[in-house]
Amino acid sequence: MTNIQPEITHENDKIYLRFTAPEFDKVGMADYTDDLWQGISSAKWRTDKNYIYSGKKSLHRFVMEYWYGVEYCKQKIKSGSVIDHIDNDDFNCTYENLEFLDRIKNWIYKGQYSDRKRTEKISI
């Protein structure tokens, strides 16, 4: 993990986490509500340049737990789902960009065809 700390702000209906360093400059975002703002702005966030974390919890998990509840998220993940970023931007944690997707479907749809780190298709 890097020790890049974000500047956390909100404007209109979005919360922004701006990570700025000589080797890394990226903005994470989530939808604004008073409660979500309180939770995000009071936590210590960092990035590994792929995801945003506070402790061991990712921002996308934090956001989904806010909207769906902790127990529902645990149940979905235990049953084989992952939290998917629809647009493949792992810093875009807005409600409309996150979904629960079966882990196998996520691998087939994203891992095989559009994963940023993979350049070739893998047969299954």
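Colleague: Before we start, what counts as a helix here?

Modeller: This is a predicted model, and its helices are read off as DSSP runs of H or I, numbered from the N terminus. To count, such a run needs at least four residues.

Colleague: Which residues make the nonpolar surface patch, and which helix gives the largest share?

Modeller: The patch covers about 470 Å², and its members are Tyr66, Trp67, Tyr68, Tyr72 and Tyr95. The largest share is 3 residues, and they come from the helix spanning residues 59–68, namely H2.

Colleague: Let's hop to the strands. How many bridges join S1 to S2?

Modeller: S1 takes in residues 7–11 and S2 takes in residues 14–21.

Colleague: What is the phi of asparagine 12?

Modeller: Asparagine 12 is in the loop between S1 and S2, a hairpin with 2 residues between the strands. With a relative accessible area of 68%, asparagine 12 is exposed. Its phi is positive, in a residue other than glycine, and lies near 55°.

Colleague: And what is the phi of lysine 49?

Modeller: Lysine 49 is in the loop between strand S4 (46–47) and strand S5 (52–54). It is partly exposed, at 33% relative accessible area. Lysine 49 has a positive phi, near 75°.

Notes
Residues numbered from 1 in each chain as written. Predicted model: local features only at pLDDT ≥ 70, side-chain atom pairs only at ≥ 80, totals over all residues. Heavy atoms only, no water. Patch = residues over 30% accessible without salt bridge, like charges linked within 9 Å, V, L, I, M, F, W, Y side chains within 5 Å. Areas by Shrake-Rupley, 256 points an atom, 1.4 Å probe, with all protein chains shown as cover. Salt bridge = Lys/Arg side-chain N within 4 Å of Asp/Glu carboxyl O. Pairing = 2+ DSSP bridges. Buried < 20%, exposed > 50% of the residue type's maximum accessible area, 1.4 Å probe, protein only.
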